[in-house]
Each structure stands twice: as structure tokens, then as C-alpha cells.
Amino acid sequence: MNAKSPEKSDRLKTAVSLATVAHAGQLRKTGEPYISHPLAVKKILEEWNMDEDTIIAGVLHDTVEDTNLTLEEIRAEFGDSVAFLVDGVTKLGKVRENMKSLDTYLPETTDNFLRLMIATGSDVRVLIIKLADRLHNARTLAALPPAKQKKIALETLEIFAPLADRLNMGLLRVELADLAFSYVDPRRFEYLKNLIETTNKSAEQDLKHIKSEVSALLKKEKLDFTISGRIKSVYSLHKKLAKHNQNMGEIYDLTALRIIVPDVTSCYLALGLLHSLYVPMNGRIKDYIAMPKQNGYQSLHTTVITKQKKIVEFQIRTREMHEYAERGLAASFYYNEQKLTENYKEGKIPHLPTNLLWITELQEAAAKLKEGKKVDLKKLRLNLFADKIFVYTPKGDILDLPKGSLPLDFAFRLHSEIGGHVTGVKINGKMSNLNRRLEQGDVVEILTSKNQIPRASWLDKIVTPHARQKLKQLLRQ
Ligand code: MN
């Protein structure tokens with residue numbers, strides 16, 4: 001529970017009773033009283049050790065949108081900070097309009113993460129509340145009608161799981177992605193899940209042996225460590241297989257062993273010892289300690305071939321790195337015992353671990369842009385979505401596509417049934433042609449006819465592998 005307030009504060013209690021009254025009579029699709037949802041969000045935020053204002057805002061996050069409670073009432077009761085967060089989450093729900101309206105003062109190429117930050121008033125806690133909200137919604141997707149399930153699952157996979165990754169919230173990313181993927185492609189999900197389980201089962205004995213071999217050596221060298229298995233998530237296996245032409249032979253990290261040691265020196269020591277025991281595979285040693293990933297992830301990775309000719313990946317890291325890899329930004333709130341954003345607003349320099357400095361940079365840039373000042377966007381090392389564009393269906397559903405995508409790419413992403421029967425396209429309400437590159441924020445309406453058949457010439461009007469593959473399938477039929 002929240003380290004700063006072992007006892008539930010009165011403010012939090014007040015928030016819960018206010019929200020309970022406000023949502024009274026409303027039901028969720030699951031049939032439960034609506035208040036069960038904000039309470040679940042509260043619990044998630046508490047598990048993430050967020051500060052009290054964030055938890056209160058989590059309790060109230062749906063009140064302004066869905067009840068008679070107003071932002072002003074919230075401000076009067078809980079102060080500016082909570083009101084600001086609730087307002088941010090409410091606005092983020094309308095991310096489509098927000099992203100569009102930002103276009104007037106942001107260059108087209110602006111990173112979408114930065115857009116989100118600006119849309120949320122540059123307080124990253126808004127995103128964290130939104131992620132908690134999405135996590136509970138994803139966990140309770142079963143209650144929704146199938147079409148809605150798919151829509152929410154797709155959006156979760158395309159926007160919220162990458163966002164969790166950007167904040168290095170590894171556990172959250174895995175849970176969101178696997179939940180969503182099980183609705184987006186249930187058959188594939190089951191297949192891969194079974195594949196992972198059977199592979200791990202058959203590797204169990206080998207791993208046990210490898211574990212004891214490694215443990216013996218590390219103990220001999222007086223290293224303080226723990227070693228355990230880590231299992232790959234279904235969705236990351238799916239993505240990796242797509243990258244390697246579905247060739248399972250190229251997936252070396254289905255099961256990995258993780259070694260946790262007290263400090264950085266011990267990480268390199270453990271790596272050296274491992275390499276003296278087993279043969280490292282060429283080109284598969286990654287030093288994310290010296291060169292952390294963009295989201296701040298740190299670890300040493302190496303893939304080795306054991307004496308029994310088994311291939312196994314090792315990940316070596318300190319306890320802090322591990323905690324940060326799993327809980328990311330949320331973990332840093334806990335460790336730093338401070339609110340990054342408020343410190344920032346007060347002009348204090350927050351004492352952040354270096355792997356979090358990008359957040360400060362980002363907030364600084366977002367604040368400047370909001371005041372109409374110039375910012376060198378190229379200097380910001382942000383490219384979570386840099387190679388992607390967001391486009392919309394006429395109903396307002398968001399799809400993300402690689403930059404340079406064409407209308408047929410969009411059509412096949414919607415459904416191959418649609419892709420196969422395209423007669424034309426309207427972009428932003430105007431008739432357009434199939435060679436027109438889609439741009440950030442375009443509203444794309446695909447026109448179809450039952451009599452239209454797929455054409456081989458369309459292959460020139462497609463850039464995404466997915467659409468190409470679907471079209472080829474149709475052409476073969
Ligand atoms: Mn909600």
C-alpha cells in the first residue's frame with residue numbers, strides 16, 4: 001500500500017463516498033454497480049504506489065464525464081492538483097479531438113507521445129491513471145459485446161501497451177498486451193500460449209540442470225545472487241515470430257534465466273563467469289547497462305550454448321534495475337518519494353535517476369510548446385510512434401499504420417473482406433485515389449462493392465506486409 005500513508009487518509013475516504021454517490025444507480029456491462037470500476041482503478045494505483053492525489057483522481061476519473069459532479073466541485077474539495085488530473089484524464093478520453101487540435105501549433109512530425117503529454121497538460125500522472133483505467137477495462141472485457149471487445153482490444157494493443165512500454169512498466173505491458181491479443185486473435189493466442197507451455201515443459205529438466213551448474217559456479221566465486229526462469233509473453237512471441245518469418249528456430253529466448261545481483265560490478269562479473277562456463281553466441285550479447293534502452297531499461301543479455309548443446313538466454317541485472325523494468329515509472333514515484341511533476345512545476349530540479357531524465361525533458365518541452373515557445377523537437381529522443389501515423393474510421397476508431405501507408409493498407413487492416421472489394425476511398429470526406437498517401441489524423445472511408453474483385457495491379461498500391469499478404473491470398477483464390 002501507499003508508503004506515505006499507512007492509514008487511509010480522510011481525503012481518500014471522502015473521494016470514495018463522493019464517487020459512490022455520484023455513480024449511484026449506474027451499472028457496468030458486467031452487471032456490477034459502476035463504482036466497482038473506479039474502486040478497481042484505485043486499487044491498481046495503490047498497488048503501483050502512486051501518490052495520494054493520483055489515487056484520488058483515479059477514484060474520481062469518470063465522474064466529470066458521466067455524473068453530475070463538476071470539475072469545480074472537485075477543485076473545491078480536493079484542490080488544484082486533483083482537479084487538474086481528473087480534467088486531464090477526461091480530456092484524454094477524447095484523444096482524437098485533442099490530437100487534431102494540436103496540429104495547429106505542432107509540426108506534423110511531432111511524436112505522438114509528446115502529443116499525448118501536451119494533451120494531458122504535460123503531467124505524466126494523467127497517463128498513469130489512464131493506464132490503470134485501461135487495465136481494469138481490459139481485465140473485464142469479457143462482459144462486452146464482441147465488436148466492442150475487439151475495438152478496445154485493438155486500441156489497447158496499439159496505443160496503451162506501447163505506452164506502458166515507453167514508461168518501462170514491463171508487467172503492465174505484458175498484461176495489457178496478452179489480454180488484448182487474446183481478444184484480437186483468440187486462435188493465435190491459444191496456439192502460442194500452448195506452444196510456450198509445451199516448450200517450457202520439455203525444457204524444464206534441462207533448465208534445472210543449467211540452473212544448478214550456473215549456481216554452483218557463482219557460489220564458488222562468492223557472488224550474492226538469485227536465479228529464476230522468466231517466461232516469454234504470448235504477444236511478444238507473436239511479434240518476434242512475425243519478424244523472423246514464423247521461424248521458431250530463430251527464437252532463442254522462449255525461456256530465459258534471470259540472474260539478479262546486488263550491484264553493477266557483480267552484473268559484469270556474472271556475465272564473465274557465464275561466458276567461461278558456456279559458449280556465448282555470436283552477436284547476441286547486449287549491454288543495456290552501459291547503453292540503456294530508450295525507456296530506461298537496463299540489463300545484460302546474452303545467449304549461450306551449454307555443454308549439452310542447449311541454447312538459453314540469460315538476463316543479468318541488479319534488484320533496482322529489475323524493479324524498474326517491471327514497474328517502470330510507477331516504481332520511480334515510490335523510490336523517489338516525490339512527485340516529479342509538481343517539483344517540475346515549482347521549478348525545482350527533481351532528483352531523478354538518469355534513466356528517467358527523458359521525462360523531465362519531455363515535460364519541459366511540452367510546457368514550452370504550450371506557451372507557444374519554440375522547442376527543438378529533434379533533440380528529444382522520442383520515437384515510440386515516430387514511424388507511425390494515426391488515422392480514423394468515419395466512426396472515430398483509431399488505427400495506426402506505418403508512415404507512407406496507402407488507402408488499401410488501411411482497408412486490409414480493417415478486414416480482408418473490405419480490402420478485397422474496394423472501389424474507392426474518401427479521405428476527410430472528399431473522394432480521393434488509391435495512390436494518395438495517408439497522413440496523420442486523416443479520416444478514411446473505404447467504399448466497397450460486392451461486385452468488385454481484387455486486382456493484381458493493387459500490389460503496387462500497398463506498402464504494408466500485412467495487406468500484401470492478404471491481397472495475395474485473395475488473388476490465389
Ligand atoms: Mn474509466
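Mentor: What follows sets each term against its definition.

Mentor: The model is predicted, so local features need pLDDT of at least 70 and side-chain atom pairs count only at pLDDT 80 or more, while totals for chains, interfaces and linings use all residues. Residues are numbered from 1 along each chain as its sequence is written, and side-chain values use heavy atoms, with hydrogens and water left out.

Trainee: What makes His37 (NE2) a donor of the manganese ion?

Mentor: Donors are N, O and S atoms within 2.8 Å of the metal (3.2 Å for Na, K and Ca). The manganese ion is coordinated by His37 (NE2), His61 (NE2), Asp62 (OD) and Asp133 (OD) at 2.2 to 2.3 Å, so these atoms meet the 2.8 Å limit. Water is not among the atoms, so the site may look incomplete. Along the chain, the donors follow the spacing H-x23-H-D-x70-D. Both His61 and Asp62 are buried.

Trainee: Why is Ser215 called buried?

Mentor: Buried means under 20% relative accessible area, exposed over 50%, and partly exposed in between, with a 1.4 Å probe and protein chains only. The relative accessible area of Ser215 is 13%, and therefore Ser215 counts as buried. In the protein chain, 51% of the 477 residues count as buried.

Trainee: Which residues is Ser215 in contact with, neighbours within four places in sequence left aside?

Mentor: They are Phe225 and Ile227, where contact means heavy atoms within 4.5 Å. Ser215 itself lies in helix H12, residues 186-220; helices (H or I, at least four residues) and strands (E, at least two) are DSSP runs numbered from the N terminus.

Trainee: Why are S10 and S11 said to stand at the edges?

Mentor: The open sheet has 3 strands in the order S10-S9-S11, with antiparallel pairing. Strand S10 (430-432) and strand S11 (444-448) each have a single partner strand, so one side of each is left without a neighbour in the sheet. Neighbouring strands are turned by 35 degrees against each other on average, direction ignored. Helix H18 (residues 407-414) packs on this sheet, touching S9 and S11, and its direction makes about 80 degrees with that of S11. Such angles run from 0 to 180 degrees between N-to-C directions, the axes being lines fitted to C-alpha atoms, for helices over the stretch in contact.

Conventions:
Pairing = 2+ DSSP bridges.
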